[in-house]
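Please walk me through this structure.

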Amino acid sequence: MPLANVSWPDSLWAAMTPPGPDLPELIGTAEADVIVIGGGFTGLSTALHLREAGVDVAIVEAMEPGWGASGRNNGQVIPTLSRPDPDDVIARHGATGERFVALLRDSASTLFDVVRRYQIQAEQEQAGWVQPVHSPGRIKIAERRVRQWSKFGASVELLSRDQTRQMLGSDAWFGGFWNKTGGHINPLALSRGLARVVLDRGGRIYARTPAAGFERTGNRWVVKTDKGQISGRALIVATNAYTGEFSKSLMPAIAHEVMPVLSWQMATQPLSDDVRKSIIPGRQAMSDTHGELYFARYDARNRLVTGGAVIGPGNKAERLKLRVAERLRRLWPQIGQVNFDYVWNGYVGMTTDFLPRIHRLGPDAYGWTGCNGRAVALSIALGDELSKAVRGLPESSLALPFSDPVPIAAHGLLRRLAPLMLMVYRRRDAREIG
């Protein structure tokens, strides 16, 4: 992949976000106390928290901050996992799981607090996140999640069908639940804003510098790139779904324990004021219980930012425009004619059980992957925890449920077959649950 001129996706975020800072490549040798591989949300948050603690840190980024999933996603700030609930996490990880649940509960507020504290202009709106249910029987999902999250002090509320209709401006759903701390942001603006804050506080970011691999030499970690290398006492690998995209030798065990799934995002033309006030009038972020997810939020210019999934040959973007436009008219008949100004995609790192994977990679070395579509809030919060880990805080105080990497068998074959899961999701979505 050519790196001299970074090519950005034709996304709403790339079109509307001011350019990021000018950054050097890593050429020759360098040193830092902590090396972070990856300049997305996790890497930038880790570096920011390390600089606030006075730790020398350098990020090695394959392209530019926010080029990967952190700058391509829908921008929903959601303080939950996609499927596992608190009891599932604690059953797997015990006391550490309880700390992780607390971190997750507060993760949206953590993100918005960071944005406010450092005056990052990221089109942030902490209007809440709503998960409506798409069949009567699935209200049990909302009831379970409200019950479990309430037990841990989350700001959640069960919604009746009437309340959901009023909140979303649609009769399509049968109730749901609302997390009041969630919301949405411009993810590329957040990435670039975090990068500026890291630089302003003395951190370093090397861009257009894919890490080819790393090794332990003596008591230091050495990260090698095409044009140089950097050594450090500690190491964070924060590359998530893009871990194997630039170098197959970077961390194959981590690259093969997640399935990079292409996620399509779309932005309509700006809606008129009258229509906008009738569709999600409170401007909450919304993503429902479909496996083939229905999701939407507004940007600062009143575009409805949504997306979908598609399989098979042909022009996928054009096929998606037709399919998602029909969906939006079905959900919100008042929207009228639907035209899309932007269609783009990026990878989401999926795990087999929808739980994230957090690893010790060696002495003072850590990494994580498996966002499962919930990386925005979680990555910012995990950055703080990873910074504590490399600073030597006791493991008993960390919200990091460690596990060993377990690669998915026949990963290459399953990656090619993964899009076919869409047909499975559609069948499941059409069935009622007991």
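R327 sits in helix α11, residues 316-331. Helices here are DSSP runs of H or I with at least four residues, strands are runs of E with at least two, and both are numbered from the N terminus. R327 is buried because its relative accessibility is 4%; buried means under 20% relative accessible area, exposed over 50%, and partly exposed in between, with a 1.4 Å probe and protein chains only. Neighbours within four places in sequence aside, R327 is in contact with E292, L293, Y294, G307 and G308. Contact means heavy atoms within 4.5 Å.

The model is predicted: local features need pLDDT of at least 70, side-chain atom pairs count only at pLDDT 80 or more, and totals for chains, interfaces and linings use all residues. Residues are numbered from 1 along each chain as its sequence is written, and side-chain values use heavy atoms, with hydrogens and water left out.

Next comes helix α2, residues 41-52. Its 12 residues should span 16 Å at 1.5 Å a residue, and the end C-alpha atoms are 16 Å apart, which agrees. The expected span is 1.5 Å times one less than the number of residues. Helix α2 is largely enclosed by the rest of the structure, because 10 of its 12 residues are buried. Among them are F41, L44, L48 and H49. Just after α2, G54 takes a positive phi of about 80°.

Helix α6 covers residues 139-151. Its 13 residues should span 18 Å, and its end C-alpha atoms are 18 Å apart, in agreement. The buried residues of α6 are I139, I141, A142, R145, V146, Q148 and W149. What covers them? The cover includes α4 (86-105), β4 (129-132), β5 (156-159) and β6 (176-179). G153 follows α6, with a positive phi near 80°.

Helix α7 (residues 161-168) holds T164. T164 counts as buried because its relative accessibility is 1%. A polar atom of the T164 side chain lies 2.8 Å from the backbone oxygen of S160. Not counting residues up to four places away in sequence, T164 touches P132, L159, G169, W173, G175 and G176.

A255 belongs to helix α9, residues 252-255. A255 is buried, with a relative accessible area of 13%. Beyond its neighbours within four places in sequence, A255 is in contact with T243, G244 and H411. A255 and A58 are 197 residues apart in sequence and 22 Å apart in space, C-alpha to C-alpha.

Now the loops. I280 lies between α10 (273-278) and β13 (285-287). I280 has a positive phi of about 45° although it is not a glycine. Its relative accessible area is 0%, so I280 is buried. R208 lies in the loop between β8 (204-206) and β9 (211-217). R208 is not a glycine either, yet its phi is positive, about 55°. At 15% relative accessibility, R208 counts as buried.

Technical notes: A polar contact is a pair of N or O atoms within 3.5 Å; within protein, one must be able to donate a hydrogen and the other to accept it, and residues adjacent in sequence count only if both atoms are side-chain atoms.
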